[in-house]
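Let's take a walk through this one together. Have the sequence and the 3D view side by side as we go.

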Amino acid sequence: MNIAANPVVEADQTIYLKDYQKPSFLVDSIHLDIQVFADHTNVNSKLVMQRQTAGDLVLLGRDLELKAIRLNGKTLDNTEYSLNSEQLVIQNAPENSIIETEVVIHPESNTMLEGLYQAASDLFVTQNEPEGFRKITFYPDRPDVLSVFTTRVEADKKFPVLLANGNLIEKGEAGEGRHYAIWQDPTKKPAYLFACVIGDLAVLKDTFVTSEGRNVALEIYAEEKDIPKCHIAMQALKHSMCWDEEHYGLPYDLDIYMIVATSAFNMGAMENKGLNIFNTSCVLADEEYTTDAAIMQVQAVIAHEYFHNWTGNRITCRDWFQLCLKEGLTVFRDQSFTEDLQSAAVQRIDDVAVLKGHQFPEDSGPLSHPPRPDHFVEINNFYTATVYEKGAEINRMMATLLGKEKFRKGTDEYFKRHDGQAVTVEDWVAALTAGSGVDLSNFLTWYNQPGTPKLEAKGEYDETTQTYRLNLKQSLKANAKYPNLKAVPIPVALALFDAASGEQLVLESEALVENAVKDGVYLFEQNEASIEFKNVMTKPVVSLLRNFSAPVNLEFNYSDEDLAFLLQYETNGFNQWQATQTLLERILLNGHSSDIYVQAMKNALPEVIKKDPLLASRLFDVPTEGYLGSRIDANYNPLEIQEKRNSLLDTLANAFGAFCKEAYLALDPANETEFSQAMGVRALKNILLAMIARQGDESAFELADAQYKSTKNMSERLGALRVLVWNDAPQAEAALIDFYLRFKDEALSMDQWFMVQAAHPKANAETIAYLTSHPDYDLGVPNRIRSVTGGLNANPVNTWSFGVQHFVGLAKYLDEKNPIIGSRLLQALSRWYTLAEPQRSQVKADLEALKPLVKSKNVSETLNSILNA
Ligand code: TRP
Ligand code: ZN
């Protein structure tokens with residue numbers, strides 16, 4: 001029976017975690033033969049399968065042209081299997097079934113960047129996570145089916161590079177100007193980790209010797225001209241390999257580790273076993289062409305994908321609901337790694353800024369879901385800030401609570417128990433519990449509930465008894481879909497300071513504290529609790545959630561004076577920064593005076609600039625318009641927020657006055673030998689330059705122009721360009737032309753050129769029209785699309801006016817061409833319902849008009865969720 005011609009339209013395509021069933025057949029081995037031609041690709045496969053439980057033999061396949069299928073050597077005709085647009089089913093297949101298929105696919109016209117696709121005229125690559133492998137061949141494409149892959153790749157010799165996972169075991173001539181290579185990956189893996197690459201690329205080579213004495217060949221493939229930009233990634237890779245041995249006892253397991261860079265990629269990078277494929281934006285790093293932030297990003301992503309080798313590849317997910325098992329843990333690991341590369345406080349500040357700026361809004365809107373969702377329509381829609389960032393926070397909380405040693409015992413136990421398996425979040429928490437000897441099972445609640453808990457804290461000092469009491473209360477907003485919300489375990493890291501001296505009080509002695517505060521951390525697990533600190537001689541200043549010890553919204557009755565105190569005396573850099581943010585929010589939204597803030601900054605800065613210029617630069621952060629908007633749940637007026645913020649920026653620029661220019665002129669990144677220090681000086685100088693310009697100081701444009709012209713460093717060049725362009729300086733036009741001519745062949749630099757213009761504070765619909773009709777704008781390259789949308793979103797007033805048409809138009813266009821990206825871009829509009837009228841109704845109408853026009857599961861699931869807000 002062939003039902004492909006008459007596909008069943010399923011009303012509800014929702015998949016539920018509770019319906020999980022083991023696969024009926026496992027795959028002992030797979031042999032793949034992939035022959036790439038200019039106008040099609042042949043894929044022949046041989047699966048050695050074995051029955052595990054009762055049921056049909058199910059192979060998933062999408063957009064495959066089936067030429068032949070054999071079961072145990074015998075060709076099947078179309079009455080012996082059923083086939084629809086999603087799967088091929090064989091009933092009553094024998095215990096041991098060898099399935100051979102021959103299919104034809106079309107990577108040359110695959111614009112979705114999923115499965116095997118042509119990424120450039122001379123490059124074919126794969127992206128199979130989560131469900132791309134079914135677009136290459138028929139296969140039980142689910143992460144709990146692990147197999148040994150042998151891959152033969154064949155192509156024209158104009159593609160000299162033929163790569164796949166594992167070790168190269170053979171290569172040779174295939175006739176008619178063609179050649180082949182055979183790769184074998186000895187470790188069992190799920191299909192989403194399969195990769196192959198066919199192309200014409202140059203390579204940077206290095207080697208690494210593991211703690212076990214294994215020699216590993218390291219290879220980074222990129223376009224010839226970009227090879228000099230691969231050295232930072234190579235160093236980061238070696239550093240990551242050492243770091244994982246040292247911190248987790250995890251050495252690399254194969255003889256070769258390859259990374260391939262492509263500009264046509266939906267996400268940052270992909271951890272395919274032994275053959276990572278990267279977006280160029282996450283590999284290429286060079287001070288002349290990419291910013292300092294991008295250089296940090298490259299190091300973080302290299303580490304992230306490398307760390308996946310153990311947390312994701314050796315131990316993988318049982319099903320896609322468990323995505324945060326691998327992503328949350330791997331993000332936590334890459335964050336810890338990066339904290340060692342630069343100011344740890346700034347790394348934490350930047351990570352929390354992402355959490356509060358993206359994950360918190362997501363979790364308070366229509367796309368809110370638990371870190372481990374319990375249902376989905378399209379799994380690609382669940383590669384979210386909640387899964388990644390909140391997932392990382394859950395691991396961080398458990399690590400904070402356990403301390404280094406016990407956490408390591410827990411992870412050791414996890415790798416010992418589950419190496420080679422596909423497991424669940426429960427398995428992870430159980431292993432951590434067993435290894436550490438500390439019961440962490442309450443943390444499962446964090447994985448299963450949506451929403452950001454509110455943590456209300458009230459402090460009371462009693463002079464007569466010399467006690468300080470802290471009352472804590474936690475709550476979660478009611479949620480119709482999750483009616484039984486429970487209290488979660490919240491590690492509250494805290495410190496008390498002596499208000500007069502600024503010294504931190506010692507709390508270690510058990511006698512001082514009624515409930516146990518261990519190593520400065522109190523585990524708050526109930527709905528309400530109080531802690532009492534005794535022998536506190538004078539009224540202290542308290543600092544709560546140090547280092548952001550839990551992903552919660554804190555409400556604490558700090559006075560502005562307390563916050564100014566913390567800005568000056570808190571030794572935890574994160575909470576020092578948090579004090580500036582809370583003060584600024586009060587000035588902005590509650591009309592507090594800025595004097596206390598400015599004075600505290602002036603007191604604190606000279607010292608911080610000397611010690612940690614990067615942290616100093618972050619202390620100048622003013623909450624973005626987007627962040628401020630995300631804190632408003634109804635009657636949000638973007639213009640009003642913009643005006644308030646602009647007037648605060650003016651006030652601050654004037655209040656800091658001459659300080660800015662003096663500091664700017666005194667700072668020189670060339671005096672710094674460490675990259676992280678020089679990066680800090682550059683960041684700080686750029687902020688100061690923007691402030692000088694805001695003061696209306698005539699010389700600001702000359703300083704900016706001089707900085708632009710004298711530097712070879714992209715962060716300095718871009719900082720100057722921004723000041724010129726965003727202030728419509730007389731030098732702006734020439735600088736933009738110069739930038740274009742200098743970098744027109746450097747895609748990553750050009751992304752910045754687009755972004756700077758899209759983010760102009762006075763950008764309008766014409767600006768965006770000019771950029772999107774520019775010959776260098778390319779809807780086939782997600783990076784370029786994002787450079788414009790990213791710039792546009794810097795300005796919520798624009799996002800919510802003409803930007804709506806831009807996003808709706810992209811979602812419509814990409815719905816068929818690249819639904820993964822179409823859906824992600826549409827998420828930018830998810831908080832439409834918070835807008836004040838009449839904007840709210842206008843945006844709603846635009847979204848509703850889109851509904852009948854979209855076909856993909858990706859875009860329609862997102863659109864439906866958004867409209868259900
Ligand atoms: N697993 C990748 C990571 O390291 C995520 C990823 C890369 C991805 N490419 C993708 C997810 C395409 C979905 C679709 O985080
Ligand atoms: Zn990842």
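Sort the residues that line the largest cavity by type and you get two nonpolar, five polar and three charged. Keep in mind that this is a predicted model. Who are these residues? The lining is made up of Tyr252, Tyr257, Glu271, Asn272, Lys273, Gly274, Asn276, Glu305, Asn309 and Asn313. The space inside comes to about 30 Å³, and the count of cavities of 30 Å³ or more is one.

Now for the sheets. Strands in a sheet are held in pairs by backbone hydrogen bonds, and the pairing can be parallel or antiparallel. One open sheet here has three strands, ordered S4-S8-S7, with antiparallel pairing. S4 (57-60) and S7 (82-83) are its edge strands; each has a single partner, so one side of each has no neighbour in the sheet. Between S7 and S8 (residues 87-90) there are two bridges, and the two run antiparallel. To find your way in, look for serine 82, which sits opposite valine 89 of S8.

Further along is an open sheet of four strands, in the order S29-S26-S25-S31, and here the pairing is mixed. Its edges are S29 (528-533) and S31 (553-556), each with a single partner strand, so again one side of each goes without a neighbour in the sheet. From one strand to the next, the twist averages 20 degrees. Inside the order, S25 (residues 454-462) and S26 (residues 467-475) pair antiparallel over nine bridges. One spot to check is aspartate 462, whose bridge partner in S26 is threonine 467.

Methods
Residues are numbered from 1 along each chain as its sequence is written. Chains are lettered from A and ligands numbered from 1 in the order in which they are written. This is a predicted model: local features need pLDDT of at least 70, side-chain atom pairs count only at pLDDT 80 or more; totals for chains, interfaces and linings use all residues. Side-chain values use heavy atoms; hydrogens and water are left out. On a 1 Å grid over the protein atoms alone, a cavity is a set of points where a 1.4 Å probe fits but cannot get out, and a pocket is an open set with protein on both sides within 12 Å along at least five of seven lines; lining residues have an atom within 4 Å of a point. Grid points are joined across faces, edges and corners, and a volume is the space filled by probe spheres set on the points. Ala, Val, Leu, Ile, Met, Phe, Trp, Tyr, Cys and Pro count as nonpolar, Asp, Glu, Lys and Arg as charged, and the others, Gly among them, as polar. Two strands pair if DSSP finds at least two bridges between them. Axes are lines fitted to C-alpha atoms, for helices over the stretch in contact, and angles run from 0 to 180 degrees between N-to-C directions.
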